[in-house]
Structure formats: structure tokens, C-alpha cells
Amino acid sequence: SRWSTSPPPAPGPPQSPATGLWTIVSGAAYCETTASPTTPGSPVLGIPDLCVHDGIGNHGNNERCTIRTNAAINASAMSFQTESYWDYLTIGTTRYSGTNAPYNVTMAAGSTMTWYSDGSVNNAGFNICATPFTVTSGSQYCEYSNYGYCVTDGAGAHGNNERCTIRAEQSLYATATYFNTEANYDWITIGSRRWSGSTGPVIIAMAAGETMTWYSDGSVTIGGFVFCA
């Protein structure tokens, strides 16, 4: 045999950074990181430290924690229920409380989120996840769906002369769950590869920081696209 030992293992799927996407700076007794959902059919499966939450069951009284992002992300609540006004999550200068949850909130690398609960009333708490894409330009043409795990041209047919750029915030695989564009004239581009017509990207590796672009020409508007991490 050519192998003196067992052959090297096949490459696995992209992994998030060794440090994870979140760091609990203080209050680790009250907040913890977790992987993304592992339920079959979830848009993202089991990425380490993609999410941060207050723990299983209802949160407690007098909780305090500070969480730092280790990469530029969009933060969205997968679940959120706190006592209105009295128990809250703060990102930047914005306070979220009750059922007013953060959704696709841009956070720069190194920025922080804080959690505060007062001395009474315990509700379900929160689970905040880092969404894997950022629309860096053309947000009037491309938008988030499925808690930011997917990006789409929007409901109905796309428009003419649309341009947008989407950046992967972590290593991921991109797959079109819906794709219907004018063949040869409206397309999605990742790196040097271009998709048009009814065949979209399927399990295409994107490195952190890599971009995807959407282009439509000046005529013919049809279904558009949805692609997910």
C-alpha cells in the first residue's frame, strides 16, 4: 500500500473560528453560547457558538452579562420574551424588551451586547444568533429572510437593473433553495462562477469575507432567487 498509516480524512464542512462568534465577557453564570439549531431542515445546522442565550427555561432575577462579538455579524433573535421595560437586552444604544426583539442588527467585530434582569418576574428569556450574511450594497434590491440565514430578491418577480452584494460573515456553504432568472441576462456570481436561468448555486463553499453579487438587466422580470447558508 502507498499508505504507511491510515489515509488522511476527507475534508469536513467549514468551521467557525476557533474562538467562536461570541465571547461571554462577564456573567458566564447567566449567559452561555450554543451551536445553531440541529433540527433536520434548519437552515444552519450545528455551527459552534453561533448563538448566545440566557440558559434553559426561564431566566432568573438580577442577572447581568456582557457578550462580545468576535466577527462582524448580523444578530437576530430566534426567541425573545422578557418582562417589558424591566428586563432587557442592549445592543449599542438600543434596548430590546418585552417582545421587541433584535432582528438583523449589525454588530461590528468587538462590539458588545448586555443582558439585564431585575428582581422579579421570570420570563422565557432570549436566544440570539449571528446570521451568516450581510447585504453590503443594494439593500433596496436584496433582503434577509429566515432570520438572516437566507437572502432573497424579495417577494414576487425581481425588478430591472437590480444590483446587490452579499458578504459571507463566516465560512459556509451557499445553496439556492429557489432560483429562476432570465437565462444569460440575470445572474448570481460567486468568485469566478456565474449562475443564470433555472440552475442556481448548490452547496458552494464561501470563505469568510467572500462576496456574492446579484445582477439583473433592463428587461424581463421573473421569479428571482432565495439562497441560504
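Visitor: How many residues are in the largest nonpolar core, and which of them have the most contacts inside it?

Guide: Keep in mind that this is a predicted model. Its largest nonpolar core has 27 residues, and W22, M113 and I128 have the most contacts inside it. Several strands give two or more residues to this core, among them β5 (73–81), β6 (88–91), β9 (112–116) and β10 (125–131).

Visitor: Let's take I128. Which residues is it in contact with, if I skip its neighbours within four places in sequence?

Guide: Quite a list: W22, L50, C51, V52, A75, S76, A77, F80, L89, P102 and M113.

Visitor: What does the second core include?

Guide: That one is separate and has 21 residues, including V135, A168, W214 and F225.

Visitor: Back to strands, then. How do side chains sit in a regular strand?

Guide: They alternate between the two faces of the sheet. Now try β6: Y88 and T90 are on one side, L89 and I91 on the other.

Visitor: Are those four residues of β6 buried or exposed?

Guide: Buried, the lot of them, so both faces of β6 are covered. The cut-off for "buried" is under 20% relative accessible area.

Visitor: Which strands are joined to β6 by bridges?

Guide: β7 (residues 94–97) is joined to β6 by four bridges, running antiparallel. β9 is also antiparallel to β6, again with four bridges. To find your place, look for I91 with its bridge partner T94 in β7, and for L89 opposite W115 in β9.

Visitor: How many residues lie between the strands in the hairpin of β6 and β7?

Guide: Two, and in that hairpin G92 takes a positive phi near 65°.

Visitor: What is the strand order in the open sheet of five strands?

Guide: Read it as β11-β14-β19-β16-β17, with antiparallel pairing. The edges are β11 (133–137) and β17 (193–196); each has a single partner strand, so one side of each has no neighbour in the sheet. From one strand to the next, the twist averages 25°.

Visitor: How many bridges pair β16 with β17?

Guide: Four, in the antiparallel sense, with β16 covering residues 187–190. Look for T189, which stands opposite R194 in β17.

Visitor: Loops next. Where is H158 found?

Guide: In the loop between β13 (150–152) and β14 (163–168). H158 is buried, with a relative accessible area of 2%. Its side chain makes a polar contact with the side chain of D186, at 3.5 Å. Beyond its sequence neighbours within four places, H158 is in contact with residues including D153, W214, S216 and G224.

Visitor: And C164: which strand is it in?

Guide: Strand β14. C164 is buried too, at a relative accessible area of 2%. With neighbours within four places set aside, its contacts include S137, C142, M212 and W214. C164 and M212 are 48 residues apart along the chain, yet their C-alpha atoms are separated by 8.4 Å.

Visitor: Zooming out, how many helices and strands are in the protein chain?

Guide: Zero helices and 20 strands. Of its 229 residues, 44% count as buried. Among contacts with a separation of 6 or more, 71% come from residues 24 or more positions apart. The accessible surface comes to about 11,000 Å², with 51% of that belonging to carbon and sulfur atoms.

Key: Residues are numbered from 1 along each chain as its sequence is written. This is a predicted model: local features need pLDDT of at least 70, side-chain atom pairs count only at pLDDT 80 or more; totals for chains, interfaces and linings use all residues. Side-chain values use heavy atoms; hydrogens and water are left out. Two strands pair if DSSP finds at least two bridges between them. Axes are lines fitted to C-alpha atoms, for helices over the stretch in contact, and angles run from 0 to 180 degrees between N-to-C directions. A nonpolar core is a set of buried Ala, Val, Leu, Ile, Met, Phe, Trp, Tyr and Cys residues joined through side-chain atoms within 4.5 Å. Buried means under 20% relative accessible area, exposed over 50%, partly exposed in between (1.4 Å probe, protein chains only). Contact means heavy atoms within 4.5 Å. Accessible areas come from the Shrake-Rupley method with a 1.4 Å probe; for residues, only the protein chains shown count as cover. A polar contact is a pair of N or O atoms within 3.5 Å; within protein, one must be able to donate a hydrogen and the other to accept it, and residues adjacent in sequence count only if both atoms are side-chain atoms.
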